[in-house]
Amino acid sequence: MSHDYKAVQWTPFKKRFDLWMLGGIAVYLIGFVAITYASQPQGDSLAPVQALIRATGTLAFLLLTFILCIGPMARLTDRFKPFLYNRRHLGVTTFLVALVHAGLVLMWYHGFSETNALVSLFISNPRYESLHGFPFEVLGFVALLIMFLMAATSHDFWNANLGPGLWKALHMGVYFAYGLLVAHIALGAIQFEKSPIYVTLLALSAVTVVGLHLVTGMAGMRPSDRTANEGWLKVAPLAEMDDARAKIVRPVSGEAIAVFRDGNKISAVSNVCRHQGGPLGEGKIVDGCITCPWHGFQYRMEDGQSPPPFTEKIATYATRIVDDVVYVNPDPNAPGTPQAPSLIGAEA
Amino acid sequence: MKRAHRRTHFAIWAVLGPVMLWLLVLAVQNRPAQPVNESLPDALIEEAR
């Protein structure tokens, strides 16, 4: 909820999610090391630290790939919505796994030098002009710095102090971190790994992330071309309005509108959550309140206000039902303005 | 999500995506025939051999 800096609270679901996540990480690391040793050709001698470097590196990259797929996938299927709600924990965990990877690399490849390991990382290989000899570790280090900034500011204290706009802009740095990681692997592991698994995994991951973001991004920007009924926008036939869920309508100008059905009531509010701009229309109604799928901020359907003691307000919109079809007026009311819902069965 | 944020989001991926994939193709095409990790200190490579 949205009071002071305690927006995201621990729930039994979050605790279960974290346990599954930590269990999954342990299984991956143990499994990766076991398979690496089992499939090692005779004569090769891979140190346990090297196996761990590969395990933590691949895990951090796959976790970040998954995190970047959560947003667009949640727009395509409801199954991904629980991950939206827990994305922050996944992000911080990914940073910690990447930090272990970087620590092991510094210790193993730079720790035996007389030069400071961090300095050695930057000066031991100055071949910036070479493609297959490029100092790829530097790319990973910069990506890690970006991930650190994001993990360190993931608490709501920073969201409240920086403001949702700046906070969101800062956290879009994850896209550049991902690009740097793709380059880190392409110019690093791919150059000396004989196995096609790494190339395939990297290519599949990058194509999936880029493809999903571009496809859902295009769909999300397309305005709803359904102006009808004296300038009101057609939302959907009543039969298509699922209970406790919303349809999102995008006017040609202004923000998207989330039109919710709660039993026999239809109400519309802004699709933009006051917390971090989350898509309210992808959430659902919990305890009579519209609940953001990102971090659980809640708003009352009838006036767009968060229930006491919270103070957030979002714009409301007038709705009406004509011939069993729901329409919404694209002109917003001021945030927090009471707006009577349209009642199913009571239309003129 | 705000409309402006969606546009920025899309623009970043429209630029970053092709760059990322181009780099990936270039990196795979230019892999050395005999894979070596030239960014490692020579002494370590010798020791590994």
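Chain A of this predicted model splits into two domains, with domain 1 covering 12-221 and domain 2 covering 233-343. The C-alpha centres of domain 1 and domain 2 of chain A are 36 Å apart. Chain A also touches chain B, through 38 residues of chain A and 31 residues of chain B. Here is a quick tour of both contacts, with a stop at one residue of chain B.

**Between the domains of chain A**
- The contact pairs 9 residues of domain 1 of chain A with 7 residues of domain 2 of chain A.
- On the domain 1 side, two or more residues come from each of α2 (48-76), α3 (81-85) and α8 (164-171) of chain A.
- That side of domain 1 of chain A holds 5 nonpolar, 1 polar and 3 charged residues.

**Between chain A and chain B**
- To recap, 38 residues of chain A and 31 residues of chain B take part in the contact.
- Helices of chain A that each bring at least two residues to the side touching chain B are α6 (136-152), α9 (173-187), α10 (189-192) and α11 (196-221).
- The most is given by α11(A), which provides 11 residues of that side.
- Sorted by class, the side of chain A that touches chain B counts 22 nonpolar, 11 polar and 5 charged residues.

**A look at Val19(B)**
- You will find Val19(B) in helix α1 of chain B, which spans residues 3-29.
- Val19(B) counts as partly exposed because 13 other C-beta atoms lie within 10 Å, between the limits of 12 or fewer for exposed and 20 or more for buried.
- Arg7(B) is 12 residues away from Val19(B) along the chain, and their C-alpha atoms are separated by 19 Å.

Key
Residues are numbered from 1 along each chain as its sequence is written. Chains are lettered from A and ligands numbered from 1 in the order in which they are written. This is a predicted model: local features need pLDDT of at least 70, side-chain atom pairs count only at pLDDT 80 or more; totals for chains, interfaces and linings use all residues. Helices (H or I, at least four residues) and strands (E, at least two) are DSSP runs, numbered from the N terminus. Domain bounds come from an automatic or database domain assignment. Two residues are in contact if their C-beta atoms, placed from the backbone, lie within 7 Å. Ala, Val, Leu, Ile, Met, Phe, Trp, Tyr, Cys and Pro count as nonpolar, Asp, Glu, Lys and Arg as charged, and the others, Gly among them, as polar.
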